[in-house]
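Student: I would like to take a close look at a single part of this model, and I would be grateful for one connected explanation.

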Amino acid sequence: MKFKKIMSLCLIIGMAASLAACGESSDSASSDSASGSSTAAVSDLPSFDALHIEDYTDLEADITILTDRTDIVDTTYAEYAAEFQGQFPGITVTYEAVTDYAEAVTLRLTNGDWGDICFIPDSVEKSELSTYFAPLGDYDTLDEIYYNMNAQTYDDTVYGIPNGGNTPGIIINKEVWAEAGIREYPTTPDEFIEALQQIKDNTDAIPLYTNFADGWPLGQWTGYIGIPTNADPDYAENIMPHQENPFAEPEDGDYGPYALFSILYDAVANDLVEEDPASTDWESSKANIGNGTIAAMVLQSWAINQCKDLAENPEVIDYIPMPITVNGVQAMLVNSNYCYGINCQSAEENQLASMVYVKWLIEESSIMEDEGNIPERKDQDLPDSLANFEGLELMTNAKEEEAGLKNTVANESEVLTDANIAKVVEGALAGTSFDEIMDDWNQKWSDAQEYAGVEVNQ
């Protein structure tokens, strides 16, 4: 929490220098962009939906895009740029890989030294989006065409376009599950724990691998709060921030955050995970689920291709929904990946070229298939890797009614951090009751609501 507060302070300090440039009309010029051209805040860019990229084959610009994918910046991403430049020879695209992405880009935003396109870091408050990023269109209009327009929207204006989507689920080795005698995939927490027990009793595989030692994979569990656990698009964004004791056991069903984290707790408490969670290794786990050493991992769908790439037989890798059913409904969340934002202080031709590249990238390149993403356009089919999600109710999170409230409560409580979720594993190993852990979370959530002045619905 201290780091986030420091970052927020840095953004506020940096805002004063950049606010005027981004808030002015297209006639106002400011300092040079990364490409050396004079900059202008452009207020008359075409809306992203109305942009016909074929009209800009003669556009000339040099644009720079920051990425967190240090592993493929010089290979796959360079190939995208080369393919694009074959169609748009006047636009030069340069990728820059950034390590410690979120922290580094947060700092670079304050001085304008971040090129023309970046993945918008979560540290940018929605009320600050217009300070750094060009408007891409009206929320209601773009929401008809693209998924997750709520992700980087403020005051009904969209500032970020997701790099496709992912969905929360569970990566499994289906041959191990078949060897264990499991014929139908579980739809409730109890059925899932029973399936893990069958795997332990009938195979040599680790039933559920926690990836505890790396820390960040445990943070994946927070992405399952909301639609996968409550079948309600409003829950994560608008209900939970106001909810009294959201981690309490519900009286009328086995669902919600309580049920979600009980799966992790019960798996550990019943010795259905690796023998020593402190010794887990993320990189090797991706190969081990393919070779049958591991039966299941709770990771979002972005990880499917990474596991398949390391499997001798990629067909053994399968993906199943989180086993929670609400009033007979299993719901599929189309979640947002990082969103592309365009520098509103770049030169006009750079902003336009950046829009052209982003639209080409998400609609015409192979990036969605290459990265195992759900296509950004709603009229495109889901990938074959999500075949087990057919028949589920597909939902996206509702737009926040109070911008930033969810993050304010979550950040202040520190409940949904990687380190705090690790306490579920630690508590199960130590014999601490699950209800005791959830009581502590509820108290922290309540304190954060009080801090934020939230009206609590009882």
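Could we begin with strand β11 (residues 168-173): how many of its residues are buried, and why can it be called largely enclosed by the rest of the structure?

Tutor: Before the answer, a word on the basis: this is a predicted model, in which local features need pLDDT of at least 70 and side-chain atom pairs count only at pLDDT 80 or more, while totals for chains, interfaces and linings use all residues. Residues are numbered from 1 along each chain as its sequence is written, and side-chain values use heavy atoms, with hydrogens and water left out.

In strand β11, 6 of the 6 residues are buried, so the strand is largely enclosed by the rest of the structure. Here buried means under 20% relative accessible area, exposed means over 50%, and partly exposed lies in between, with a 1.4 Å probe and protein chains only. The strands and helices are DSSP runs numbered from the N terminus, where a strand (E) has at least two residues and a helix (H or I) at least four.

The strand belongs to an open sheet of 3 strands, whose order is β12-β11-β13 and whose pairing is antiparallel; two strands pair if DSSP finds at least two bridges between them. Because β12 and β13 stand at the edges with a single partner strand each, one side of each is left without a neighbour in the sheet. From one strand to the next, the twist averages 35 degrees, where axes are lines fitted to C-alpha atoms, for helices over the stretch in contact, and angles run from 0 to 180 degrees between N-to-C directions.

Taking the two pairings in turn, β11 is joined to β12 (residues 296-300) by 5 bridges, and within that pairing I170 stands opposite V298. With β13 (residues 317-321), β11 pairs in the antiparallel sense over 5 bridges; there I172 has D318 as its bridge partner, and N173 has I317.

Q300 lies in strand β12 and is buried, with a relative accessible area of 7%. Leaving aside neighbours within four places in sequence, Q300 is in contact (heavy atoms within 4.5 Å) with several residues, among them P168, Y319 and N335. I294 is found in the loop between α12 (282-288) and β12, and I294 is also buried, with a relative accessible area of 0%.

For a view of helix packing elsewhere in the model, consider helix α11 (residues 256-269) and helix α18 (residues 434-452), which pack at an angle of about 135 degrees with their axes 11 Å apart. The two helices are therefore oblique to each other, since angles under 35 degrees count as roughly parallel, over 145 as roughly antiparallel, 65 to 115 as roughly perpendicular and the rest as oblique. The contact is made by Y258, F261, S262 and Y265 of α11 and by F434, D435, I437, M438 and W441 of α18. These residues divide into 7 nonpolar, 1 polar and 1 charged, where Ala, Val, Leu, Ile, Met, Phe, Trp, Tyr, Cys and Pro count as nonpolar, Asp, Glu, Lys and Arg as charged, and the others, Gly among them, as polar.
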